[in-house]
Amino acid sequence: MERTEDLIELCLFMGKIMQQNGAETYRVEDTMTRIAQSFGRYESQSYVTPTGIMFTISPGAHAKLVRVSARETNLEKVNLANDVSRKIASGDMSIHVAYKELRKIQTSPTDYTMLMQIISATLASGFFTIMFQGSWYDFLPACVAGGLGFIALINFTRLFEIKFVAEFVASLLIGFTAFSLFSLGIGKEVDKIVVGSIMPLVPGLLITNAVRDLMAGHLISGLAKGAEAFLTAFAIGAGIAVMFSLF
């Protein structure tokens, strides 16, 4: 494989890792462009969307496409990828070494175990309830509802290809748990319990990236991420609304 092909593959691989793990569109494009410039290619062109990346070294050269099918939030991997790009820009890392490092980043497990994530979501639900002016009597039921909802989200995401179904089912469980505990006399304000419990499911980073992409002029990516965030919010709201109607 020629050096040009190596460079294209490296840039696409870098962009894919960043896009898969929650980086903004303009940051992905800027990183790919800077890597190309580090190797003397100053006319590179990139086109990044939430589901795919196209890149070419120069306007007259051929372009390559890589598909981004799965996306999650893992800013640690984004940070590690940025470290690799900075080493490339400073001349401390070759194309082949950088590709190997990116491969390690892609295949490395998350720093937080599933148990740690569940515990964090559980405690966050309780403290969000307190932040939203709930009482300490609502802390425990919010923790239980939020923890069970997060567990349901993890498991149903593996079962359903459409993640909005998993989010809808998780919000149903949160609503059912919150209302059930409240009916048993556990908790004082069920609305505060519900609001705090659903916060771990809210797509906060996605909404932030959508706004930042729109402000940076990436209209397609911004609208796509905004639509994804809206569908997630709709799934959460629909699940809670069903429980409100039943109770």
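How much of the chain over residues 223-246 is helix and how much is strand, and how far apart are the end C-alpha atoms? In this predicted model, that stretch is 100% helix and 0% strand, and its end C-alpha atoms sit 34 Å apart. The stretch also turns up in the UniProt record: an unreviewed entry there carries the annotation "transmembrane region" for residues 112-133, 139-156, 168-187, 193-211 and 223-246. Another of the annotated stretches, residues 139-156, comes out as 100% helix and 0% strand too, with 26 Å between the end C-alpha atoms.

Next comes a pair of helices. Helix H6 runs over residues 139-159 and packs with H7 at an angle of about 155°, the two axes being 8 Å apart. With that angle, H6 is roughly antiparallel to H7, because anything over 145 degrees counts as such. As for handedness, H6 and H7 make a right-handed crossing. In general, a pair of packed helices is described by just these two things, the angle between the axes and the distance between them.

Helix H7 itself spans residues 163-183, and Ser180 is part of it. Is Ser180 buried or exposed? Its relative accessibility is 19%, so Ser180 counts as buried, the cut-off being under 20%. The side chain of Ser180 has a polar atom 2.6 Å from the backbone oxygen of Phe176.

Then there are the loops. Most residues other than glycine have a negative phi. Gln133 has a relative accessible area of 63%, so it is exposed.

Glu43 is a loop residue as well, placed between helix H2 (25-38) and strand S1 (45-49). It counts as exposed, with 52% relative accessibility. Along the chain Glu43 and Ser58 are 15 residues apart, yet their C-alpha atoms are separated by 5.0 Å.

Finally, the cysteines. How many disulfides does the structure hold? The count is zero. Cys11 has 0% relative accessibility and therefore counts as buried. Cys143 is buried as well, at a relative accessible area of 7%.

Technical notes. Residues are numbered from 1 along each chain as its sequence is written. This is a predicted model: local features need pLDDT of at least 70, side-chain atom pairs count only at pLDDT 80 or more; totals for chains, interfaces and linings use all residues. Side-chain values use heavy atoms; hydrogens and water are left out. Helices (H or I, at least four residues) and strands (E, at least two) are DSSP runs, numbered from the N terminus. Buried means under 20% relative accessible area, exposed over 50%, partly exposed in between (1.4 Å probe, protein chains only). A polar contact is a pair of N or O atoms within 3.5 Å; within protein, one must be able to donate a hydrogen and the other to accept it, and residues adjacent in sequence count only if both atoms are side-chain atoms. A disulfide is a pair of cysteine sulfur atoms within 2.5 Å. UniProt positions are given in the numbering used here, feature names are shortened, and annotations may be inferred rather than shown by experiment. Axes are lines fitted to C-alpha atoms, for helices over the stretch in contact, and angles run from 0 to 180 degrees between N-to-C directions. Angles under 35 degrees count as roughly parallel, over 145 as roughly antiparallel, 65 to 115 as roughly perpendicular and the rest as oblique. A crossing is left-handed if the near helix is turned anticlockwise from the far one by less than a right angle, and right-handed if clockwise.
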